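Hello,

Here is the structure I promised to pass on. My notes on the ligand site and on one helix pair follow below.

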Amino acid sequence: MNTPDYTHVLTQVVDKLSDSNSFGGLFHQHKDGDPLPSGKSLYRIVELSRAILFPGYFGTPNLHTHTIHYHIGVDIEELFTLLTEQIQAGLCFGVESSGMATSDTPCRETAAKLAIQFISRLPELRQILATDVEAAYYGDPAANSFGEIICCYPIIRAITNYRIAHELYLLNIPLIPRIITEMAHSETGIDIHPGACIGHHFTIDHGTGVVIGATCIIGNHVKLYQGVTLGAKSFPLDENGNPIKGIPRHPILEDDVIVYSNATILGRITIGKGATIGGNIWVTEDVPAGARIVQRKNSQT
Ligand SMILES: CC(=O)OC[C@H](N)C(=O)O
């Protein structure tokens, strides 16, 4: 049997989809010549950063102390090239999305300067990530070695992407930081917004389903378990009914706080130093330092 000719139907659909009144904000006008953000390049950027930050665990195997300088040099060079391009793409995307008419493509020189600023921070990033590895190891009796933590624990993937993304976020680079944390979200189920501030020795055991909002402030030596939400309670609207952006609305967790699985902590509240939040509870008010908050027992049982 011959397939009927559907050309006119397809043409009509193409006509409708190409009508500028039908876009409803879903059309991005990309300027000719601007570089595009690329998931593939960003994936490689994360891969290279992991290889540089955790040599021998990621990237080239068979590293030796006498060849490490060479390998890190090669990786840094590729990282600089790709990152410059992606930072430029992010800057272009920011300008294009803002709707500000401009004839100037954000220049490669600006992007290169930002890439260098990021790359200069890698030694400090490695130091803080080492504290996260320690926190995961000493916080979990099931872990047998630092190597097991680095190779297997989802927190290491999530916190590495977050710490990379946070540095780029602090450099005011649009879009790219969020793509990087969302890569880790897909890989691990741990959703950390690049705008959150997280201290050293941070860990999440298991990790699946953790959400850390954009304006969270987390101190040092904080430990979360799977399913924890550090979220916003509500957000004020402007005169047009749109959410006002950028308002601090997520919790502050001071040093040495532990939050057990599936606890939901909402709003700009403070969980005081050393407090413990039990599992499966809903917290919307400040918790004093050292307090232990657990689910209330059902008085009927
Ligand atoms: C984590 C969270 O509360 O998210 C809600 C919303 N995305 C916000 O940032 O307010």
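First, a term: a polar contact here is a pair of N or O atoms within 3.5 Å. By that cut-off, a polar side-chain atom of His-250 sits 3.4 Å from an oxygen atom of the ligand. The side chain of Arg-249 places an N or O atom 2.6 Å from a ligand oxygen, and a polar backbone atom of Ala-232 is 2.6 Å from an oxygen atom of the ligand. The protein buries 61% of the 290 Å² that the ligand exposes when taken alone (Shrake-Rupley method, 1.4 Å probe).

Please keep in mind that this is a predicted model, with local features needing pLDDT of at least 70 and side-chain atom pairs pLDDT 80 or more, while totals for chains, interfaces and linings use all residues. Residues are numbered from 1 along each chain as its sequence is written, and side-chain values use heavy atoms, without hydrogens and water.

Around the ligand (a heavy atom within 4 Å) are Val-211, Gly-213, Leu-230, Gly-231, Ala-232, Arg-249 and His-250.

As for the helices (DSSP runs of H or I, at least four residues), α3 (residues 68–98) passes α4 (residues 108–120) with axes, fitted to C-alpha atoms, within 8 Å and crossing at roughly 125°.

Best wishes

Methods
A polar contact is a pair of N or O atoms within 3.5 Å; within protein, one must be able to donate a hydrogen and the other to accept it, and residues adjacent in sequence count only if both atoms are side-chain atoms. Axes are lines fitted to C-alpha atoms, for helices over the stretch in contact, and angles run from 0 to 180 degrees between N-to-C directions. Helices (H or I, at least four residues) and strands (E, at least two) are DSSP runs, numbered from the N terminus.
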